[in-house]
Amino acid sequence: QLQLVESGGGLVQPGGSLRLSCAASGFTLNYLAIGWFRQVPGKEREGVACISSSGAGTNYADSAKGRFTISRDNAKNTVYLQMNSLKPEDTGVYYCAADTITTHQGLCFLPKTSYNYGYWGQGTQVTVSS
């Protein structure tokens, strides 16, 4: 069974940090670009960050630049999202997803429709509040 499993969410105060993990089972992430997305009730799902299959390419939403870092450990079949200087507006359910269309090892994309992401995890809740 092909699965992506997110972990690491929780409640944190503004200014705090969290590291989210996205682990795959049943398949290898090594040849896939991976994206992190945030969903807030009543709002469109937003692409937060992505990393290419080689790890050489990354992209970030403007809201994440300078505060979030995406990385991957292909030996552990896991992708991480380090989130620092968290703000209340970072609150939401965070999903990781695997890009099943992009083949270039150095590129990743975060289109608004996320059409290129074929496998999704179940999400992990992040709440930033004092």
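A disulfide is a pair of cysteine sulfur atoms within 2.5 Å. The model is predicted, so local features need pLDDT of at least 70 and side-chain atom pairs count only at pLDDT 80 or more, while totals for chains, interfaces and linings use all residues. Residues are numbered from 1 along each chain as its sequence is written, and side-chain values use heavy atoms, with hydrogens and water left out.

I begin with the cysteines. How many disulfides does a search of the whole structure find? The search finds two. When the bonded cysteines of the protein chain are numbered in sequence order, they pair as 1-3, 2-4.

Because C22 belongs to strand 3 and C96 to strand 9, the pair ties together parts that are 74 residues apart in sequence. Strands here are DSSP runs (E, at least two residues), as helices are (H or I, at least four), numbered from the N terminus. C22 is buried, at a relative accessible area of 0%, and C96 is likewise buried, at 0%. By buried I mean under 20% relative accessible area; exposed is over 50%, and partly exposed lies in between (1.4 Å probe, protein chains only).

The other disulfide joins C50 to C108, with 2.1 Å from S to S. Its link is also right-handed, at 75° about the S-S bond. Distant parts of the chain are connected here: C50 sits in strand 5 and C108 in the loop between strand 9 and strand 10, 58 residues apart. Both C50 and C108 are buried.

I turn now to the interior. A nonpolar core is a set of buried Ala, Val, Leu, Ile, Met, Phe, Trp, Tyr and Cys residues joined through side-chain atoms within 4.5 Å. Which members of the largest core touch the most other members? Of its 26 residues, they are L4, W36, F68, V79, L81, M83 and Y94. Two or more residues each come from strand 3 (18-25), strand 4, strand 5, strand 7 (68-73), strand 8, strand 9 and strand 11 (124-128). Strand 3 gives the largest share, four residues.

Finally, the charged side chains. The structure holds five salt bridges, each a side-chain nitrogen of Lys or Arg within 4 Å of a carboxyl oxygen of Asp or Glu. In one of them D90 pairs with R38, their closest N and O atoms being 3.6 Å apart. D90 lies in the loop between strand 8 (78-83) and strand 9 (92-99), and R38 in strand 4 (residues 33-39), 52 residues apart.

Another salt bridge joins K112 and E44, at 3.8 Å from N to O. K112 is in the loop between strand 9 and strand 10 (117-120), whereas E44 is in the loop between strand 4 and strand 5 (46-51), 68 residues apart. Both K112 and E44 are exposed.

K65 also forms a salt bridge with D62, the closest N and O atoms being 3.1 Å apart. D62 is exposed, with a relative accessible area of 64%. Salt bridges with shared partners join R38, E46, R67 and D90 into one network. Thank you for your attention.
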